[in-house]
Every structure is written in C-alpha cells, then in structure tokens.
Amino acid sequence: FEIAITTCPRHPYNAMDTYHVMRSNRFAHRWLHRNYELVPSMLEALEHCLRRDVPFNIYLDPADVTMGSLPAILQALRERDIKTATYAEFVALQMGGHQSPS
C-alpha cells in the first residue's frame, strides 16, 4: 500500500517536505520559497489538498523543524477540523478498518 507524499503546489513534481522548502539545491525552489517560509508553504499545500479532496501527507525533517513551525502547522490543522492519523490508522481506514484517526 503506497501513501503518496503531497507535492508542492509551486513545483508539482517535488515532494512537499522541509528539505524542498528550506534547503533545496535548485535555485528556482529556493526563490519561490525564499525566506524559509515553512509554515505558509505547508498551509498552501494543505489548501491545495483540501480543494482536491486528497490526503495531506508531508515529511517534516526533525533537522528542519523549528520549535515554532510544528505547533503552527498543527494549529492550522485543528482550526480546519482536520483529523490526523498514523500510517497504520490511515491504511486501516482505507482498507475498511475501524480505527479512527486522532
């Protein structure tokens, strides 16, 4: 069972992860995500997923996430009443299981 990583709305062939936003070797990526705008970039990807009714699945590298970034992203999910799930919970739900996301 594959769970695709959300792609960047500004670069559709790239994973939406902290490396892409903050440390990409490609100038165009760093330019469009200048000032290391992690939270706004992630929220843009979230809105993109909501409009298309697809899962929001991002990778947050512990080396990149500042203390303020993760709480801000989680707060945005709570404000939109979006449920979170582990991979195991998500797979169970997709397979018709009865585990409910947190």
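## Two aspartates with positive phi

Aspartate 53 is found in the loop between helix 3 and helix 4, and in this predicted model its phi is near 55°, a positive value in a residue other than glycine. The residue is exposed, with a relative accessible area of 72%. As background to that backbone angle, most residues other than glycine have a negative phi.

Aspartate 81 lies in the loop between helix 4 and helix 5, the latter spanning residues 87–94. Phi of aspartate 81 is likewise positive, near 55°, and with a relative accessibility of 58% aspartate 81 counts as exposed, because the cut-off for that class is over 50%.

## Overall fold

The protein is built from five helices and has zero strands, so that, in the order of the DSSP runs from the N terminus, the pattern along the sequence reads α-α-α-α-α. Of its 102 residues, 29% count as buried. Among contacts in the protein with a separation of 6 or more, 47% are accounted for by residues 24 or more positions apart.

## Packing of helix 3 on helix 4

Helix 3, which covers residues 38–52, packs against helix 4, which covers residues 69–79, at an angle of about 25° and with the two axes 10 Å apart. Helix 3 is therefore roughly parallel to helix 4, because angles under 35 degrees are placed in that class. The crossing of helix 3 and helix 4 is right-handed.

On the side of helix 3, the contact is made by Leu38, Val39, Met42, Leu43 and Leu46, and on the side of helix 4 by Ser69, Ala72, Ile73, Ala76 and Leu77. Sorted by class, the residues in this contact of helix 3 with helix 4 comprise nine nonpolar, one polar and no charged.

## The largest nonpolar core

Ten residues form the largest nonpolar core, namely Cys8, Met16, Val21, Met22, Leu38, Val39, Met42, Ala45, Ile58 and Ile73. In soluble globular proteins, nonpolar side chains tend to be buried together.

Isoleucine 73 belongs to this core and also takes part in the contact between helix 3 and helix 4. When residues up to four places away in sequence are not counted, isoleucine 73 touches Val39, Met42 and Leu60.

Leucine 77 has its place in helix 4 and, at 9% relative accessibility, counts as buried, because buried means under 20%. Although leucine 77 and leucine 43 are 34 residues apart in sequence, their C-alpha atoms are 9.0 Å apart in space. Leaving aside residues up to four places away in sequence, leucine 77 touches Leu46, Phe56, Ile82 and Thr84.

Leucine 50, found in helix 3, is partly exposed, with a relative accessible area of 43%.

Terms used:
Residues are numbered from 1 along each chain as its sequence is written. This is a predicted model: local features need pLDDT of at least 70, side-chain atom pairs count only at pLDDT 80 or more; totals for chains, interfaces and linings use all residues. Side-chain values use heavy atoms; hydrogens and water are left out. Axes are lines fitted to C-alpha atoms, for helices over the stretch in contact, and angles run from 0 to 180 degrees between N-to-C directions. Helices (H or I, at least four residues) and strands (E, at least two) are DSSP runs, numbered from the N terminus. Angles under 35 degrees count as roughly parallel, over 145 as roughly antiparallel, 65 to 115 as roughly perpendicular and the rest as oblique. A crossing is left-handed if the near helix is turned anticlockwise from the far one by less than a right angle, and right-handed if clockwise. Contact means heavy atoms within 4.5 Å. Ala, Val, Leu, Ile, Met, Phe, Trp, Tyr, Cys and Pro count as nonpolar, Asp, Glu, Lys and Arg as charged, and the others, Gly among them, as polar. A nonpolar core is a set of buried Ala, Val, Leu, Ile, Met, Phe, Trp, Tyr and Cys residues joined through side-chain atoms within 4.5 Å. Buried means under 20% relative accessible area, exposed over 50%, partly exposed in between (1.4 Å probe, protein chains only).
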